[in-house]
Amino acid sequence: KADGSNPELVKAVEDLLGKPKAETPNVEDWSKDVESTAKALDEKKKSLDEKAKKLGYVGIKQFNAQNQLNEKLSNEEKELLQEYSDFQQEVKNLKDENVISKLSDDEFSSWSKANDITRDDLGKVVKDEEIELAAKRIRILNARGDSKKADSELKKLKESKKKDNWTVESWKERFDEDIEQSEIDDINQSNKEFNNSLDKAVEELLGKPTQQQAELEQKKAELETERQQAITEATKPVVELELLGDENEAMDLILDKAKGDKDGGRAKVRQHERIRAKFQALKELVKRDVEPLARDVDNSHYSDEQQRENDVYLL
């Protein structure tokens, strides 16, 4: 600076030194801002309630419900309806999780309905862009102390993984639809990306699992897969020959196999009874309608021994 040999460097240093330091966010100020926003919303709601009461209503909710379709409102009533509509829209547009977690039950219900996510018939998340919203809802529910609802939504989120190992054959079997390999590759890739986003959201909610926790989750997933496969197999219309012997022996066999089931094997017993009834009806049908026709066929070219074997087969 003294010899003036590098004025650009001098200016750069002076500018840097002269810049004010970035302010560190004050946690207390931020907390007060959240509280003030929540309080302001609460005061607005109270003011709307008071205005509705002056018009003879219990509160703003009753006023709104009874006058939504009323075309004969006074100017004062129209203004109040509009004020409440604006208030509701303000609540629905809230983004700050801390403010949302402090809403009253009524206002939170409005926010929740307006910020719900697309789910399938089983309640699973289906859109990649809504995974973060699903996680946000869970964080807010926990902050509100509704752990039961939060756990339910977390369970559905974790169960929302999509199948990412389709083949042309498995797709055809599942949907009865022909598809090209290139299309299968695109579907699997898209589903993998969805699953990665979902895993990241769950990890942020729960914290990164330890190796032991990860192994436990993997084992639980494998057991659930086995359980679903067992259910699928059990509901197939297949008659197991070992269950069609003596009825008492069959029941003992079923109960022994199903002793670990939660219902003590009652579901399997009912299933066996249905199978046995169908099988018995089939035998009676054969005996009544099919067997007489078969006996009328000319069997003169059979030996007596062959004829006896045919009779046994029909039975």
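**Exercise 1. The crossing of H3 and H4**

Determine the handedness of the crossing of H3 and H4 in this predicted model, and describe how the two helices pack.

*Solution.*
Step 1. The crossing of H3 and H4 is left-handed.

Step 2. Helix H3 covers residues 60-67 and helix H4 covers residues 75-92; they pack at an angle of about 110°, and their axes are 10 Å apart. Angles of 65 to 115 degrees count as roughly perpendicular, and H3 is therefore roughly perpendicular to H4.

Step 3. On the side of H3, the residues that meet H4 are Ile60, Lys61, Phe63, Asn64 and Asn67. Their partners in H4 are Glu77, Leu80, Leu81 and Tyr84. Sorted by class, this contact holds five nonpolar, two polar and two charged residues.

**Exercise 2. The crossing of H4 and H6**

State how H4 passes H6, and list the residues that make the contact.

*Solution.*
Step 1. Two packed helices are described by the angle between their axes and the distance between the axes. For H4 and H6, the axes come within 8 Å and cross at roughly 65°.

Step 2. The crossing in which H4 passes H6 is right-handed.

Step 3. H4 contributes Phe87, Gln88, Val91 and Lys92, while H6 contributes Glu107, Ser110, Trp111 and Ala114. The classes in this contact are four nonpolar, two polar and two charged residues.

**Exercise 3. The surroundings of Lys45**

Is Lys45 buried or exposed, and which residues does Lys45 touch?

*Solution.*
Step 1. Lys45 is located in helix H2, which spans residues 27-54.

Step 2. The relative accessible area of Lys45 is 12%. Buried means under 20%, so Lys45 is buried.

Step 3. When residues up to four places away in sequence are not counted, Lys45 touches Ile60, Phe87, Asp106 and Glu107. Of these, Ile60 also takes part in the contact of H3 with H4, and Phe87 and Glu107 take part in the contact of H4 with H6.

**Exercise 4. The packing of H7 and H8**

Find the relative direction of H7 and H8, and name the residues through which they meet.

*Solution.*
Step 1. The axes of H7 and helix H8 (residues 147-158) come within 8 Å and cross at roughly 160°. Angles over 145 degrees count as roughly antiparallel, and this is why H7 and H8 are described as roughly antiparallel to each other.

Step 2. H7 passes H8 in a crossing that is left-handed.

Step 3. Ala134, Arg137, Ile138, Leu141 and Asn142 of H7 meet Ser147, Lys149, Ala150, Glu153, Leu154 and Leu157 of H8. By class, there are six nonpolar, two polar and three charged residues in the contact.

**Exercise 5. Two aspartates in loops**

Locate Asp116 and Asp176, and state how accessible each residue is.

*Solution.*
Step 1. Asp116 lies in the loop between helix H6 (105-114) and helix H7 (131-143). The relative accessibility of Asp116 is 41%, and the residue counts as partly exposed.

Step 2. Beyond its neighbours within four places in sequence, Asp116 is in contact with Leu133 and Arg137. From Asp116 to Ala134 the separation is 18 residues in sequence and 8.1 Å in space, C-alpha to C-alpha.

Step 3. Asp176 belongs to the loop between helix H9 (168-175) and helix H10 (181-206). With a relative accessible area of 61%, Asp176 is exposed.

Step 4. Most residues other than glycine have a negative phi. The phi of Asp176 is near 55°, a positive value in a residue other than glycine.

Technical notes. Residues are numbered from 1 along each chain as its sequence is written. This is a predicted model: local features need pLDDT of at least 70, side-chain atom pairs count only at pLDDT 80 or more; totals for chains, interfaces and linings use all residues. Side-chain values use heavy atoms; hydrogens and water are left out. Axes are lines fitted to C-alpha atoms, for helices over the stretch in contact, and angles run from 0 to 180 degrees between N-to-C directions. Helices (H or I, at least four residues) and strands (E, at least two) are DSSP runs, numbered from the N terminus. Angles under 35 degrees count as roughly parallel, over 145 as roughly antiparallel, 65 to 115 as roughly perpendicular and the rest as oblique. A crossing is left-handed if the near helix is turned anticlockwise from the far one by less than a right angle, and right-handed if clockwise. Contact means heavy atoms within 4.5 Å. Ala, Val, Leu, Ile, Met, Phe, Trp, Tyr, Cys and Pro count as nonpolar, Asp, Glu, Lys and Arg as charged, and the others, Gly among them, as polar. Buried means under 20% relative accessible area, exposed over 50%, partly exposed in between (1.4 Å probe, protein chains only).
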